[in-house]
Amino acid sequence: MATAFAVLAEPHRRRILDLLLERPRAVGELVEELGLTQPGTSKHLKVLREAGLVRMRPDAQRRVYELRPEPLTEVLEWLEPYRRMWAGHLDALERHLDASPGDDGPHG
């Protein structure tokens with residue numbers, strides 16, 4: 001099984017997740033949004049499904065996909081130290097700007 005990192009490396013898969021974040025979608029709707037062929041979209045959905053990032057549920061004649069965010073925990077855990085680093089840098093920038101003698105903005 002591919003890791004979440006390997007799966008997310010592909011831009012179309014990230015776009016699918018972005019679309020599913022808004023709401024569940026039928027395959028045909030994803031095809032339209034992505035501008036890919038139905039077989040191409042289905043290949044990406046299969047990879048996402050095998051990685052556990054999406055699930056499919058039948059709805060009459062349609063297949064509807066929805067996001068399963070739990071597997072993204074691996075990515076979030078990996079990103080956490082970087083988020084803390086950036087938060088620290090942004091806090092330091094804010095302190096620096098607050099301490100700068102100053103004008104009242106870019107136009108003085």
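The accessible surface of the protein amounts to about 7700 Å², with 56% of it belonging to carbon and sulfur atoms, areas being calculated by the Shrake-Rupley method with a 1.4 Å probe and, for residues, with only the protein chains shown counting as cover. The model is predicted, so that local features need pLDDT of at least 70 and side-chain atom pairs count only at pLDDT 80 or more, while totals for chains, interfaces and linings use all residues. Residues are numbered from 1 along each chain as its sequence is written, and side-chain values use heavy atoms, with hydrogens and water left out.

The protein contains five helices and three strands, arranged along the sequence in the pattern α-α-β-α-α-β-β-α; helices (H or I, at least four residues) and strands (E, at least two) are DSSP runs, numbered from the N terminus. The radius of gyration of the protein is 20 Å, whereas a compact globule of 108 residues would have a value near 13 Å, where the radius is taken over C-alpha atoms and the globule rule is 2.2 Å times the number of residues to the power 0.38. The C-alpha trace spans about 65 × 35 × 20 Å along its principal axes.

Of the 108 residues, 26% are buried, a term that stands for under 20% relative accessible area, with exposed meaning over 50% and partly exposed in between (1.4 Å probe, protein chains only). Among contacts (heavy atoms within 4.5 Å) between residues at least 6 apart in sequence, 48% join residues at least 24 apart. When its neighbours within four places in sequence are left aside, H44 is in contact with E10, H12, R13, I16 and L36.

A search of the whole structure finds two aromatic pairs, for which rings of Phe, Tyr and Trp (its six-membered ring) must have centres within 6.5 Å, planes under 30 degrees apart counting as stacked, over 60 as edge-to-face and the rest as tilted. F5 and W78 form an edge-to-face pair, with 5.6 Å from centre to centre and 80° between the planes. Because F5 lies in helix 1 (residues 4-8) and W78 in helix 5 (residues 73-99), this pair ties together parts that are 73 residues apart in sequence. W78 also forms a tilted pair with Y82, at 5.1 Å centre to centre and 40° between the planes, and both of these residues lie in helix 5, four residues apart, about one turn of the helix. F5, W78 and Y82 thus belong to one aromatic cluster, in which F5 is partly exposed at 34% relative accessibility, W78 at 47% and Y82 at 42%.
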